[in-house]
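Here are my notes on the model you sent. Please read them with the structure open.

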There are 2 protein chains.
Amino acid sequence: MVRTGSASVAAGPTLAVVAREAGVSVPTASKVVNGREDVAPETRRRVTEALDRLGYVRRPRFDGARPPRLVDLVVHSLEDSASGAVLHGAEEAAHDAGLEIVVSAALTRSRSERPERDWLDRLVLRGSAGILFHRAEPSGPQYTWLEQHRVPFALIDPVRQPPPGVVSVGGANWQGGVTATEHLLALGHERIAVIAGRRSTMSCGARVAGYRSALASAGVRHRPEYLRHADPNGAGARRRMRELLDLPEPPTAVFVCSDRMVSGVYEALAERGSRVPDDMSVVGFDDLPEARWLTPALTTVRQPLSEMAATALHLLLRMTDGPRPESIRTELSTRLVERSSTAAPPGA
Amino acid sequence: MVRTGSASVAAGPTLAVVAREAGVSVPTASKVVNGREDVAPETRRRVTEALDRLGYVRRPRFDGARPPRLVDLVVHSLEDSASGAVLHGAEEAAHDAGLEIVVSAALTRSRSERPERDWLDRLVLRGSAGILFHRAEPSGPQYTWLEQHRVPFALIDPVRQPPPGVVSVGGANWQGGVTATEHLLALGHERIAVIAGRRSTMSCGARVAGYRSALASAGVRHRPEYLRHADPNGAGARRRMRELLDLPEPPTAVFVCSDRMVSGVYEALAERGSRVPDDMSVVGFDDLPEARWLTPALTTVRQPLSEMAATALHLLLRMTDGPRPESIRTELSTRLVERSSTAAPPGA
DNA sequence: CTGAAAGCGCTTACAG
DNA sequence: CTGAAAGCGCTTACAG
């Protein structure tokens, strides 16, 4: 075990250690490492052998070569089933660009637990090439700090409206809302309800706006009692679905603002013996993994999370080399994935 | 504006130049660049401004003082639904230890695409504190390389039997197989089949061995035709389930070696009008997210993936500071999670 | 909060 | 060919 000090084990031996091992001076070892000609064959052999034996790794030079660069991905929760797709997209794009991804849920955690500064300090210390935030936004002071330290960052599917000038990538939420609603209209539905997430979330607002537009275009009256806001999880949605079912004139179809909430909708329907899609059509949004596992499999509006993450990474890289990209908000198109949760309304 | 100092262009200004420009010493400029606290706001502003104006580019560090340490997590696929839990556990444990996680699928990819050495070199270059492999194992030469460079590593739920001396963390697969089978036996089943994954996978072998033991203990004869190996995915399992259904005396219950395969089993059963759990009981293994989304929700043997990842990380950390841990193979206990896919056999 | 001093791992120029 | 010496860009420890 040859070790210089308390330095990281994996950092490997220094040239000095190798030189000592080979019985030569540091400059001579340096020449061998750099492939210089002016070294005696026997000396070269001894040094090479020591290099190999100790597993010497060149440290980056001051001028040209850089160590692999790291990009930070901050997610609001690693338990969110959307995180997988985001990570997948970011990791692939990073790999192609010769970068690596550091994943953390640190931002969210630090809000309550520890000074956020810690994390940001470390990030700059190791020279992060930039930060991607997925459904997690920096706080006001963090925005300032990031600007000051010129750390490029971009938001993926931000929950709230980002401050002016902040780069973000999202899905075409409004268009997706239109698509979902038009699909139901085309099947013959007119009593179409929406279960939306929290009023404050940006994506949800746009999805609901799309729903309203589609309704208006089709000349179908929007009924206020058909729009329900819920906590963005199964339990929240279950409650709202029950309320919709209790209406004097219940809907024949629901557009649920995120697949995340659909399990609760299915539960509420099962409680009342309402079958999907025979008695009630359900359309989701996002195309999270659960959309395929639910029974019946969920017809949903696919948001290309992996592509969004990859796009955000590319934007980040461009910011590193130059000015902010022209387009501050990028929207990738959404599309309907038809599965088995929608049909014509009963009696149609 | 930050430039990235691409190798070809003339090296950017040095910190010394920036410091002069800002009218401060080099150490002070260094502090600003590194986000240190102990700089007067006005000084910080002047330095930041000079940094911007001159387009300073951070040079890589080369001395003994270390930036925050990084641990690598290599997964076989970011699209595997188990990856989320593994990442979650690793990230939390890392965070608590003041480390950060670099995620990659690089190993798997590199097998075909590019020289593995690239990736490993980079890893050492940036001073990885060690590597966690989830269901992805280093190749022979990689093992050698890792040993030589003294990069600590540990395997999480390895697919194959690791070489002697390699540290790994898994679930109690044999015990889990016993648990699953005993559960079915207790419900009154005697005709219990197993759909296993590939013969070569270690965890699967242990699970099947547990199944046999439980059968033997209960004095139930093992029927060879009830053991089927399948490709570890839905399609593979669907085919085997059909075969089991075609048997002269089909089973009344199936133990499926991984939740990953259960969707195919459900499909095969639905095709034949066989209801779960009334006509056929199904037990899975792993407790992946889909176990909750399937209908009926899957009774399965939970493998504590997050805890396994956290344990592997702790072992890794111990290896960094000293010799290899005593215990080369660590097994965390598994437990049955009862949901709705099991019941007494028909006619019981 | 600031910066002189010492130090890091490495390379270059050059005397032997 | 070899290696002592000087130097590079940077960071840390610490005295003020």
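What percentage of the 348 residues of chain A count as buried? The figure is 56%. Keep in mind that this is a predicted model.

1. Overall make-up of chain A. The chain has 13 helices and 12 strands. Take the contacts in chain A between residues at least 6 apart in sequence: 71% of them join residues at least 24 apart.

2. Helix H9 of chain A, length. This helix runs over residues 202–217.

3. Helix H9 of chain A, buried side. The buried residues of H9(A) are A:Ser203, A:Cys204, A:Arg207, A:Val208, A:Gly210, A:Tyr211, A:Ala214 and A:Leu215. They cover an arc of only 150 degrees around the axis, so they sit on the same side of H9(A). The background is simple: an α-helix has 3.6 residues a turn, so residues three or four places apart point the same way. The cover over the buried residues of H9(A) includes helix H8 (173–186) and strands E6 (192–196), E7 (227–229), E8 (253–256) and E9 (281–286) of chain A.

4. Which exposed residues are carried by the face of H9(A) turned away from its buried side? They are A:Ala216 and A:Ser217. Just after H9(A), A:Gly219 has a positive phi of about 70 degrees.

5. Helices H1 and H2 of chain A. H1 covers residues 15–22 and H2 covers residues 26–33. Their axes come within 8 Å and cross at roughly 100 degrees. Angles of 65 to 115 degrees count as roughly perpendicular, and H1(A) and H2(A) are therefore roughly perpendicular to each other. H1(A) brings A:Leu15, A:Ala16 and A:Ala19 to the contact, and H2(A) brings A:Val26, A:Ala29, A:Ser30 and A:Val33. Of the residues in this contact, six are nonpolar, one is polar and none is charged.

6. Helix H11 of chain B. This helix spans residues 262–271. Seven of its 10 residues are buried, so H11(B) is largely enclosed by the rest of the structure. The buried ones are B:Val262, B:Ser263, B:Gly264, B:Val265, B:Tyr266, B:Ala268 and B:Leu269. What do the buried residues of H11(B) pack against? From chain A comes helix H12 (290–293). From chain B come strand E6 (192–196), helix H10 (234–245), strand E8 (253–256) and strand E9 (281–286). Just after H11(B), B:Gly273 takes a positive phi of about 70 degrees.

7. Cis peptide bonds. Most residues other than glycine have a negative phi, and most peptide bonds are trans. Check the exceptions in this point and the next. The bond from A:Thr295 to A:Pro296 is cis, with omega near -5 degrees. A:Pro296 lies in the loop between H12 and strand E10 (299–302) of chain A. In chain B, the bond from B:Thr295 to B:Pro296 is cis, with omega near 0 degrees. B:Pro296 is in the loop between helix H12 (290–293) and strand E10 (299–302) of chain B.

8. A:Arg135 has phi near 50 degrees. A:Arg135 is in the loop between strand E3 (128–134) and helix H7 (140–148) of chain A. At 21% relative accessibility, A:Arg135 counts as partly exposed. A:Asp157 has phi near 45 degrees. A:Asp157 sits in the loop between strands E4 (153–156) and E5 (168–171) of chain A. A:Asp157 is buried, with a relative accessible area of 5%.

How values were computed:
Residues are numbered from 1 along each chain as its sequence is written. Chains are lettered from A and ligands numbered from 1 in the order in which they are written. This is a predicted model: local features need pLDDT of at least 70, side-chain atom pairs count only at pLDDT 80 or more; totals for chains, interfaces and linings use all residues. Side-chain values use heavy atoms; hydrogens and water are left out. Helices (H or I, at least four residues) and strands (E, at least two) are DSSP runs, numbered from the N terminus. The expected span of a helix is 1.5 Å times one less than its number of residues. Buried means under 20% relative accessible area, exposed over 50%, partly exposed in between (1.4 Å probe, protein chains only). The arc is that of the directions from the helix axis to the C-beta atoms. Contact means heavy atoms within 4.5 Å. Axes are lines fitted to C-alpha atoms, for helices over the stretch in contact, and angles run from 0 to 180 degrees between N-to-C directions. Angles under 35 degrees count as roughly parallel, over 145 as roughly antiparallel, 65 to 115 as roughly perpendicular and the rest as oblique. Ala, Val, Leu, Ile, Met, Phe, Trp, Tyr, Cys and Pro count as nonpolar, Asp, Glu, Lys and Arg as charged, and the others, Gly among them, as polar.
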